[in-house]
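Subject: Structure for your review

Dear colleague,

My notes on it come after.

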Amino acid sequence: MRHLVGLLGLLPCLLVPSVSCAEESDPRSLAGKPVVLDSSGKLLSWMQPQETAYSRTALTAWEFLNTRVPTEANGLKTYFTYPGFSPVSRVAFQWLHHPAGLNAMLLETALAIHAYTGDRSAVELPRSLMDYQLEHGMTPSGWVWGNVPFSSSMPGATTFQGGDDAWACEGGTNCGRGDGLGVLEPDKVGESGLAYLRLFQVTGEVRYRDVAIACADALAAHVRPGDALKSPWPMRVRAETGEVREEYGANVIGPIRLFDELLRLRLGDSRAYLEARQTAWTWMMRVPMSNNHWSGYFEDIPIMSSPDQNPNQYIALETARYLLQRPDLDVKWKEHAKQLLDFSERVFAADTETEKGLQWGAQVLTEQLFFPFKMGSHTARYASVNALWSDRTGDTAAKEKAFRSFNWATYMNDGTGLVSTWVGEGDTWFTDGYGDYIRHYLSGMAAVPEWAPPGESHLLGTSSVVKHISYGAEEISYSTFEADATEVLRLDTRPGRILAGGRELQLVKDLSQEGYTLRPLDADDFELRIHHAGSGDVTIDLRPGSEGQGCGCGASGAQGAGALALLVLLRRRARA
C-alpha cells in the first residue's frame with residue numbers, strides 16, 4: 001500500500017503540466033522564501049513583523065482575488081468556470097471545476113472579511129458566483145434531485161452539469177476522475193444550501209433562502225440509514241434518476257449544518273429536517289467516528305471501491321470544528337474532537353515518500369491519502385482547528401501547534417496575494433489558495449485574538465452573520481442577523497459603554513448571560529467578547545473617558561476592575 005500511495009502521489013506531476021516533482025534544493029528555504037526561525041529554531045512567518053502576518057496573509061490573498069484574476073475568452077473571470085491557473089503564465093487549468101464547493105468556501109470567507117474590515121463589497125464576489133450558479137448550474141425541477149446545484153463542471157464550461165468522468169482519458173490514464181455528466185455530490189448540496197442561507201441572512205433576499213430550503217428538502221427526501229459501506233447520502237448520484245454512482249461519502253456535517261440553521265430559524269419542513277439530521281448524526285457517530293473512514297469529498301478522484309481506500313483530513317477536521325463550535329450537541333464533544341485532531345495529525349502530517357510532515361516545529365498536512373504533498377490550505381485548516389481547540393479547552397500545546405502550522409502556511413503566499421497550493425512550483429487553485437485558505441486565518445485570529453494586528457480594531461468572529469459594520473474613530477457599530485449572538489473583537493483602545501439596541505450591556509464574569517468581558521492584550525489593546533440577546537444592533541463607544549464598568553479580565557469583582565483601572569492609568573501616563 002505504501003508503494004501504491006507513493007506512485008499515486010506522482011500523478012499530479014504527470015497529469016498536470018505545471019506541477020513539479022523536484023524537491024527544494026535549499027533546506028533553508030521554504031516555497032522559495034528564506035526560512036525565518038525564532039531563538040529556539042522554531043518556524044516563524046516569513047511575513048514580518050510576525051504580529052501582522054496572519055492579517056496580511058488573508059488580506060493580500062483576498063485583494064488578489066478581487067483585482068488580479070484574469071478574464072477568460074468566455075468573458076468571465078477565471079474562477080467562474082475553471083478551478084485555478086498557472087501562477088507563472090496565468091493560463092487557466094484544463095481541469096474539472098468545482099463551483100458548488102468553491103462558492104460555499106468563498107461566501108464564508110467573504111462574510112468574515114466583511115466583518116473584519118467593514119468592506120461590505122467583499123460579499124459581492126461570491127454573490128456573483130452564486131447568482132451565476134442559479135442561472136447556469138442548477139438541476140431541472142422535474143429530476144429526482146431537482147432544483148439543487150451541480151457540484152462540478154467541465155473546464156471552461158459556461159453551463160454546469162457535472163464533470164465527464166472520461167474527460168481526459170487518453171491512453172488509459174486519468175480515466176474516471178470526474179463525477180460524470182448529470183451527476184452531483186449530495187454533501188455539496190448541503191454546503192451550498194448553507195451558503196445560500198447565509199447569503200439570505202446578509203442581503204435579505206428571499207430567493208437565496210428558497211434555494212437553501214430546496215437543498216434541505218432534497219437531502220431530507222433522500223436520506224437513508226447507512227452502514228459501513230453506504231453513507232446516509234451517496235458520494236455521487238445521477239441527479240435525474242437517483243441512481244447511485246458512488247455509495248460512500250463521510251461528509252455528512254455539511255448537510256447537518258444546513259439542517260441546524262433551518263431548524264433554528266424555523267424555516268422549511270422542520271420535522272423532515274430533524275429526522276434526516278438525526279439519521280445522519282447517528283450514522284456518523286456509529287461508523288466514521290468509530291473506524292475513521294473519513295473518505296469521499298473530492299470531485300476529481302476516481303470512484304473508490306472501499307471506504308478505507310482514500311481518507312482525507314477535510315471531513316475529519318471540519319467535523320472536529322463543528323463539535324468545538326457546538327459542544328451542546330455532543331456530550332463527548334471533547335473526546336471526539338481530540339480523536340479527530342489526533343487522527344488527522346497521525347495520518348496526514350506523517351512523513352511521506354515525498355516530503356516531511358514536520359518542518360522546523362510545524363506540523364504540515366497533506367490533503368488526502370492519494371495526494372501526499374504538503375499543502376497550505378490543509379495545514380492552515382489543521383492550525384485553525386487547533387486554535388479553536390485551545391480556545392475551548394485551554395490547551396497551550398495545541399495553541400503552539402496552531403501557531404507553527406499557520407506560520408508554515410504563510411510561505412505559500414508570495415506577499416502580493418498570489419498563493420501557491422503546495423511547496424515548489426505549486427499551482428494556484430481557487431479553493432486551496434483562496435476559499436479554503438483565507439478563512440482559516442480569520443478563524444485563527446477569532447480563536448486567538450493575540451494573533452490579530454496590534455494597534456488596530458477588528459471584529460474577529462461572530463456566532464451569527466454581520467449584516468452591516470462601521471469602524472469609526474469614536475465608535476464601532478454593527479448589526480447581526482440574529483438578536484441573540486456572540487462576538488469577539490480586538491480593539492486598539494479600551495472601550496467605553498457597549499450598547500445593544502440602545503441598552504447598555506454590563507460587565508459579566510462569563511458569557512453564559514448577556515453582557516461583555518474584557519481582557520487586556522499586548523501594548524494598549526483589548527480583547528472584547530460580547531453576548532447580546534435582545535437586539536442585533538451593537539454600538540461600542542471608543543471615546544476617551546467614556547469607560548463603562550471595568551473589565552472581566554480573569555480577576556473578578558473589585559479586584560479585577562481595580563487592576564485594570566491601574567493598568568489604564570499607567571498607559572495614559574505613558575502616552576502623555
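The following paragraphs set out what was found.

This is a predicted model, in which local features need pLDDT of at least 70 and side-chain atom pairs count only at pLDDT 80 or more, while totals for chains, interfaces and linings use all residues. Residues are numbered from 1 along each chain as its sequence is written, and side-chain values use heavy atoms, with hydrogens and water left out.

Overall composition

The protein has 17 helices and 22 strands; helices (H or I, at least four residues) and strands (E, at least two) are DSSP runs, numbered from the N terminus. Of its 576 residues, 58% count as buried. Here buried means under 20% relative accessible area, exposed over 50%, and partly exposed in between, with a 1.4 Å probe and protein chains only. Contact means heavy atoms within 4.5 Å. Among contacts between residues at least 6 apart in sequence, 66% join residues at least 24 apart.

Strands and sheets

Strands of a sheet pair through backbone hydrogen bonds, either parallel or antiparallel. Two strands are taken as paired if DSSP finds at least two bridges between them.

An open sheet is formed by 3 strands in the order β6-β7-β8, with antiparallel pairing. Its edge strands are β6 (183-184) and β8 (244-246), each of which pairs on one side only. Between β6 and β7 (residues 236-238) there are 2 bridges, and L184 stands opposite V237 in β7.

The hairpin that links β15 to β16 passes through 3 residues, and I469 faces Y478 of β16 as its opposite residue.

Strand β14 (residues 458-462) is mostly covered, with 4 of its 5 residues buried. It is joined by 4 bridges to β17 (residues 485-491), and the two run antiparallel. V488 in β17 is the bridge partner of G461.

A search of the whole structure finds 2 cavities of 30 Å³ or more. On a 1 Å grid over the protein atoms alone, a cavity is a set of points where a 1.4 Å probe fits but cannot get out, and lining residues have an atom within 4 Å of a point. Grid points are joined across faces, edges and corners, and a volume is the space filled by probe spheres set on the points.

The largest cavity holds about 70 Å³ of space. Its lining includes P186, D187, W233, N251 and G296. By class, this lining divides into 7 nonpolar, 3 polar and 1 charged residues. For these classes, Ala, Val, Leu, Ile, Met, Phe, Trp, Tyr, Cys and Pro count as nonpolar, Asp, Glu, Lys and Arg as charged, and the others, Gly among them, as polar.

The second largest cavity holds about 40 Å³. It is lined by Y79, F80, H97, P99, L102, N103, L129, Y132 and F160. At least two lining residues come from each of α4 (78-81), α5 (99-117) and α6 (124-136), and α5 gives the largest share, 3 residues. The lining of the second largest cavity has 7 nonpolar, 2 polar and no charged residues.

Individual residues

S45 is placed in the loop between β4 (43-44) and α3 (53-67). S45 counts as buried because its relative accessibility is 0%. Its side chain reaches the backbone nitrogen of M47 at 2.9 Å. Leaving aside neighbours within four places in sequence, S45 is in contact with V36, Q50, A53, N407, T410 and Y411.

D436 lies in helix α16 (residues 430-447) and is buried, because its relative accessibility is 1%. The side chain of D436 makes a polar contact with the side chain of R381 at 2.5 Å. A polar contact is a pair of N or O atoms within 3.5 Å; within protein, one must be able to donate a hydrogen and the other to accept it, and residues adjacent in sequence count only if both atoms are side-chain atoms. Not counting residues up to four places away in sequence, D436 touches M105, Y314, S377, H378, R381 and T431.

Q94, in the loop between β5 (84-85) and α5, counts as exposed because its relative accessibility is 52%. Q94 and G156 are 62 residues apart in sequence and 7.6 Å apart in space, C-alpha to C-alpha.

With kind regards

Note on methods: 1 Å grid on protein atoms, 1.4 Å probe; cavity = no way out; pocket = protein on both sides within 12 Å on 5 of 7 lines; lining within 4 Å.
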